[in-house]
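Subject: Structure handover and notes on packing

Dear colleague,

Please find below the structure that I promised to pass on. My notes on it follow, and I would be glad if you read them with the coordinates open.

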Amino acid sequence: MQLPYFWDELGVYSRAGLYLHDNGLGLLPKNLPPELSRGHPLLFSFIHGCGYFIFGDGVVGGHITGLIIALFLLLSIYKIAYHHFDQKTALLSVMLVIVQPVFFAQSILVLPEICLALFMLWAIHYWSIRKYGWYALMSTAAILIKETAIIIPVVVITASIINWLVQRPKKSSGFQWKQLLVVTPFLIFGLFLIIQRQQNGWYLFPLHGENVDFKIKKIIEFGIDFMSFTFIEQGRLVLLAAGLVIAIILLYKKLGHYHNFTTYLFMLFVGGILFSSLNFFMNRYLVFAIIPLIIVFAHLLITAVATYRWLYVFVPLVFFAGMISMYGYELYPVSDETMSMEAKFHYDEDMSYIYFLDAQIEAVNFVNERANNTTQFFVNFPMVFAFNEPRFGFPVSKTKTIIQVKTKQKGFEYAIISNPGSYDFKLPEGDSLRLVKMIKNEVVEIPIYEPNFEW
């Protein structure tokens with residue numbers, strides 16, 4: 001809870017929440033500078049802005065807010081699984097979600113994925129039980145957290161059609177005008193874009209627009225990577241193997257039965273994979289897609305153990321696989337020594353990010369001991385923000401001048417370079433610099449340079 005902010009929570013999301021805390025809460029694009037909003041809707045930053053007022057504007061306040069959102073998600077998983085299945089399925093679903101490294105690592109971070117999963121899960125739940133007004137509310141909240149929720153109407157319509165085709169009810173409830181609320185996310189997001197165009201001069205943040213790519217090769221490559229992360233990495237290979245064994249037993253012994261809500265859960269997973277394959281690649285985006293699979297697995301297991309109690313052995317196996325993967329250990333290796341540190345980096349998808357923060361803190365302490373309030377630094381992303389603001393959690397003891405990124409960097413007294421990190425700069429070559437400190441561990445290396453002569 002007391003760790004400094006990390007990567008995107010340091011560079012974007014905590015800064016956005018603090019800006020709203022400092023300058024006034026609001027949900028319109030004009031309430032946040034574009035470099036902080038990145039063109040996203042503002043509900044997540046608004047929630048954290050409120051959290052900073054309630055719990056304080058330091059890292060503990062930000063992380064408490066994140067933890068509360070994560071706890072609401074766990075409670076929601078229990079309530080929804082209990083409603084559609086039974087109490088054992090609900091409890092097992094919560095247990096197995098907790099030990100997923102991608103969930104556990106983000107459960108206190110100032111990142112929107114947990115909050116997005118919360119509202120998306122409630123949206124498909126309310127649609128499945130025909131409470132369309134509540135669906136509209138939850139899907140609106142989801143789309144105002146992140147644009148990914150644009151898939152919700154497609155998910156629920158597709159799942160509803162599949163359920164109808166499979167079951168072919170003799171008496172249909174017929175069309176209800178309230179069902180037109182299915183398009184609510186489209187309307188809300190469209191309205192947000194119109195307002196953003198008026199206030200910022202563009203519909204989509206230019207940088208993000210470049211990330212959307214409809215090339216088949218790219219979609220297939222990203223899809224394969226996401227499937228690998230979902231079913232093989234972070235110990236989920238054990239979950240996959242257990243799920244296949246249980247599914248085969250259920251089919252062979254004809255123990256299972258068709259369940260409407262499993263279709264909604266499965267389509268949420270499929271929609272998440274397809275949408276993410278069109279966008280910028282980050283494994284943490286898949287939290288909302290992995291949770292439905294966990295619930296389905298729990299339902300299948302509880303159904304099967306009613307006849308074959310020995311299948312309970314899979315519970316500790318899946319649980320243990322998640323736990324040993326928590327700090328970056330690869331039960332099924334997907335990286336090797338020939339890969340670059342950047343290629344092997346797990347970002348915020350497991351708890352190995354704490355090693356990155358350890359190195360950042362050591363680097364900040366090192367230069368703090370040697371700097372005064374006129375010292376000029378060049379620092380790349382994400383470390384650059386560690387020197388700007390004491391509320392980010394780093395031991396900032398003096399006011400520093402951070403040189404802006406240029407094509408070629410010079411004029412600094414220290415260059416602190418994070419690898420992995422951004423690479424949109426070029427340092428002087430040859431004998432212009434000397435290495436005064438190398439900080440390195442299993443996930444990051446941070447060389448610190450001094451110039452050999454005055455600029």
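Which residues of the largest nonpolar core touch the most other members? Before the reply, a word on provenance: this is a predicted model, in which local features need pLDDT of at least 70 and side-chain atom pairs count only at pLDDT 80 or more, while totals for chains, interfaces and linings use all residues. Residues are numbered from 1 along each chain as its sequence is written, and side-chain values use heavy atoms, with hydrogens and water left out.

The core

The residues in question are Ile77, Met120, Ile124, Phe387 and Ile416, in a core that counts 125 residues. A nonpolar core is here a set of buried Ala, Val, Leu, Ile, Met, Phe, Trp, Tyr and Cys residues joined through side-chain atoms within 4.5 Å, and buried means under 20% relative accessible area, with exposed over 50% and partly exposed in between, for a 1.4 Å probe and protein chains only. Helix H15 gives the most to this core, with 15 residues; helices (H or I, at least four residues) and strands (E, at least two) are DSSP runs, numbered from the N terminus. A second, separate core has 7 residues, among them Phe378, Phe412, Ile417 and Leu433.

If neighbours within four places in sequence are left aside, Ile416 is in contact (heavy atoms within 4.5 Å) with Ala363, Val367, Phe377, Phe378, Val379, Asn380, Met383, Phe387, Ile446, Pro447 and Ile448.

Helix packing

Two packed helices are described by the angle between their axes and the distance between the axes. The axes are lines fitted to C-alpha atoms, for helices over the stretch in contact, and the angles run from 0 to 180 degrees between N-to-C directions.

Helix H5 (residues 87–98) packs with helix H15 (residues 287–305) at an angle of about 135°, their axes being 8 Å apart. The two are therefore oblique to each other, given that angles under 35 degrees count as roughly parallel, over 145 as roughly antiparallel, 65 to 115 as roughly perpendicular and the rest as oblique. Their crossing is right-handed, a term that applies if the near helix is turned clockwise from the far one by less than a right angle, left-handed being the anticlockwise case. On the side of H5 the contact is made by Lys88, Thr89, Leu92, Ser93, Leu96 and Val97, and on the side of H15 by Ile291, Ile294, Ile295, Phe297, Ala298, His299, Leu301 and Ile302. By class, this contact of H5 with H15 has 10 nonpolar, 3 polar and 1 charged residues, where Ala, Val, Leu, Ile, Met, Phe, Trp, Tyr, Cys and Pro count as nonpolar, Asp, Glu, Lys and Arg as charged, and the others, Gly among them, as polar.

Thr89, which has its place in helix H5, is buried, with a relative accessible area of 0%. Not counting residues up to four places away in sequence, Thr89 touches Ile295, Ala298, His299 and Ile302.

H5 also packs with helix H4 (residues 59–84), at an angle of about 150° and with the axes 7 Å apart, and H4 and H5 are therefore roughly antiparallel to each other. The crossing of H4 and H5 is right-handed as well. The contact involves Leu74, Ile77, Tyr78, Ala81 and Tyr82 of H4, together with Gln87, Ala90, Leu91, Ser93, Val94, Val97 and Ile98 of H5, and its residues divide into 10 nonpolar, 2 polar and no charged.

Backbone details to inspect

Cis peptide bonds join Phe381 to Pro382, with omega about 10°, and Asn419 to Pro420, again with omega about 10°. Pro382 is placed in the loop between strand E1 (376–379) and strand E2 (401–402), whereas Asn419 is found in the loop between strand E3 (414–416) and strand E4 (433–440). Asn419 is buried, with a relative accessible area of 18%, and it touches Met341, Val444 and Glu445, residues up to four places away in sequence not being counted.

Trp7, although not a glycine, has a positive phi of about 50°; Trp7 lies in helix H1 (residues 7–23) and, at 7% relative accessibility, counts as buried. Arg130, likewise a residue other than glycine, has a positive phi near 65°, and its place is in the loop between helix H7 (113–128) and H8.

With best regards
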